[in-house]
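Thank you for making time this morning. I would like to take you through the sheets and helices of one model, so please keep the picture in view while I talk.

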Amino acid sequence: MTAIDAQIDMDTSLVDVLGKKSADLLTAQLDLATVGDLVRHYPRRYVDRGKLTDIAGLEIGEHVTVVAEVEQATLRPMRARSGTLLAVVIRDDRGGRLDCTFFNGHKLKNVIVPGVRAMFAGKVGTFNRKLQLTHPQFEPLDEEENVRPFISVYPATGKIKPGMIARCVRQVLDLLDDPTDPLPESLRRREGLAELGRALRRIHVPETEADIHAAKHRLVWDEAVGVQLALALRRQATVSRPAPACPPVPGGLLDAFDQQLPFTLTEGQRAVGAEIAADLSHPHPMNRLVQGDVGAGKTIVALRAMLQVVDAGQQAAMLAPTEVLAAQHARSLRSMLGALAQAGELGAAERATRVTLLTGSLGAKARRAALLEAQSGEAGIVVGTHALIQDHVGFADLGLVVVDEQHRFGVEQRDALRGRGERAPHMLVMTATPIPRTVAMTVYGDLEVSTLKELPRGRSPVATTVVPLAEKPQWFERVWRRVKEEVAAGHQAYVVFPRVGDGEKAGDSDPDADLVDLDAPDEGAAPDDGGRRAPLAVLDIAPKLREGALEGLRLGVLHGKLPPDEKDTVMRAFEAAELDVLLATTVIEVGVDVPNATAMVILDADRFGLSQLHQLRGRVGRGSAPGVCLLVTDVPEGTTTRERLDAVAATTDGFELSRVDLELRREGDVLGALQSGRRSGLRLLSLLRHEEVIRKAQVYATDIVQHDPGLAEHPGLAALVGETVGDEERAAYLDKV
């Protein structure tokens, strides 16, 4: 260890405190480089000495942790195969003895020796009628740990053990000055929070259970406040820019559209529409998320907002994740508007506008025309894919950006549109299934949130069933019979595949179908490390279905690698009921509306994200006949993947599914930190357990940023934001203020 004369702080390099060997190991194995990194590496659990299992009371099959001393250690060869065993007898403080057997004994013979006191953890079994732990986890304890009431167990790797981390942490804490507390004293006092220095010491070296709870509670607050401040700074940067005020115009396009609607808006659509209308009337940017389950009528809400903006002399852009969806939206908007979308054409309404489609694969002539319509302002509504956020796409006066299915776009992509021009456009984000990131942002308060709960009239229920081929392979034949039954009844069906195929590498994805899906665990994946076969591909399986299970039916194939005109032709044929079954990738995931389609088969359903499955299921049951969705998988029962599929089958509530998804996956990525390559500063904060803390932290953060927009008066809080969400992101927020 390197000698140091002065006390250390959180920014001190671990090399200066622990020496090069230990510091390099911590950095290489756990990415811990500074004192602050190490003290923020919290224990994952604690062993309470007062609750340790006595050896005398052990039961067969029980998972136990015991602290005991090695009494005997004998190295002997294994009987059935080459190698050695280390046969150990341990004794606890009450005199109870227990046998332990370690494989590769020659590697441990100089570590597990008589007199060593250690923690042993494993499952109790029997051998020669005696209780035994077979190759238990083993952690030697030093003298200091022997007298502490709690043993802290740290996240570790194979090359660095929890005990070494504990010793390094204590070494650092002995030299560390208490850091300056970033939380205002008034906040700490009001919420009864421990000081930061005490919390950091007690989470590593607790004396009581109360110490652990108090320390964790305080450190959860740090993370919640850091996140909320980042989001408050983001809101401040957004609203500080001017935006075009777009109040409703009596007698304009919106009024004309409402008068020609063939149905009555739901109460929810009217309420959300009123919230959006009020936001658009202000001279600062709207930043609103509209959540509604599949089929809740979000498109009508978005169209009415776009018409209000067009009435005010501005343009609206609608950003869709795929070309198929963008084209579908453009057709749907033109159809709903009728003569109101025919500006410059014979028969157009008096105050008509134009809906223009702009995608990356348009031909040169069509693309030039679309760009000109957007640039000149001739098009009041421009619909497109991510091509809309390219630098060379210009707008005359962009007043509103509608982002459909927000989980398919990153924050940076949305900001690219928001940042156009001197005035920021209003932002309306729509999603049918709140995925974990969306739920996180909702709870954290980055966006104003509106929710559409009720479904419009005419929607039918969809029954979802998992088809478990691992347990019941005979069900596969029944799947195709079910499809034929639906077609015989005059309906249509989808069969969805995770991959395109036909010479494509297993790892390639459909450029249209699998665009930036942040939720999907394994879209278009190659055979995994466990040797699983490659995901099924539509071009590989389509010929087999034509000649086999679906022989005689009119089949169409749709995927993102088709030329745009072919995609459009296939989709139009299916909409016109000229095809019985559409074999497709997730290019049909959102926005496709064919009321006569009542059945969907999703092959290799385990290869899709939970939100994708829910979105796909939303393509059926859109008419008067009930829908059926079959999730076909060969993943065995009892796995987390099957739990996710069972959850989809158990509920049609997208909001409930998002909570289930949170429970089944890590929450540490909710800010997109891993998606953008930055390490997340969230270690303790839980969306499901700490909603009340998050809510309170939002109130404090909003107040602080209102009084100190750049956090100039709160340098500790500015540092906390950087520690929680990353210095680059903090700088981006502060630069915009």
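In what order do the six strands of the open sheet lie, and with what pairing? The order is S16-S21-S20-S17-S19-S18, and the pairing is parallel. Before I go on, please keep in mind that this is a predicted model, in which local features need pLDDT of at least 70 and side-chain atom pairs count only at pLDDT 80 or more, while totals for chains, interfaces and linings use all residues. Residues are numbered from 1 along each chain as its sequence is written, and side-chain values use heavy atoms, with hydrogens and water left out.

A word on terms: helices (H or I, at least four residues) and strands (E, at least two) are DSSP runs, numbered from the N terminus, and two strands pair if DSSP finds at least two bridges between them.

At the edges of this sheet stand strand S16 (462-468) and strand S18 (555-558), each of which pairs on one side only. From one strand to the next the twist averages 15°, where axes are lines fitted to C-alpha atoms, for helices over the stretch in contact, and angles run from 0 to 180 degrees between N-to-C directions. Helix H18 (residues 538-547) touches S18 and strand S19 (581-584), and its direction makes about 180° with that of S18. Helix H21 (residues 640-650) touches S16 and S21, at about 155° to the direction of S16.

Let us stay with S16 for a moment, where five of its seven residues are buried, meaning under 20% relative accessible area, with exposed being over 50% and partly exposed in between (1.4 Å probe, protein chains only). Seven bridges join S16 to S21, and the partner of valine 466 in S21 is leucine 631. Strand S20 (residues 597-602) is joined to strand S21 (residues 627-633) by four bridges, and leucine 631 is also the bridge partner of isoleucine 602.

Now to the sheet of seven strands, which is open and parallel, with the order S11-S12-S10-S13-S14-S9-S15. Strand S11 (355-358) and strand S15 (448-452) each have a single partner strand, so one side of each is left without a neighbour in the sheet. Neighbouring strands here are turned by 20° against each other on average, direction ignored. Strand S10 (residues 315-319) runs parallel to strand S12 (residues 381-384), with four bridges between them, and methionine 318 stands opposite valine 383 in S12. Helix H14 (residues 364-376) lies across S10, S11 and S12, running at about 130° to S11.

Finally, how do two helices pack on each other? Two packed helices are described by the angle between their axes and the distance between the axes. For helix H9 (residues 209-239) and helix H24 (residues 715-725), the angle is about 95° and the axes are 8 Å apart. That makes H9 roughly perpendicular to H24, because angles of 65 to 115 degrees count as roughly perpendicular, under 35 as roughly parallel, over 145 as roughly antiparallel and the rest as oblique. Among the residues making the contact are Val225 and Leu229 of H9 and Leu720 and Val721 of H24.

How values were computed. Contact = heavy atoms within 4.5 Å.
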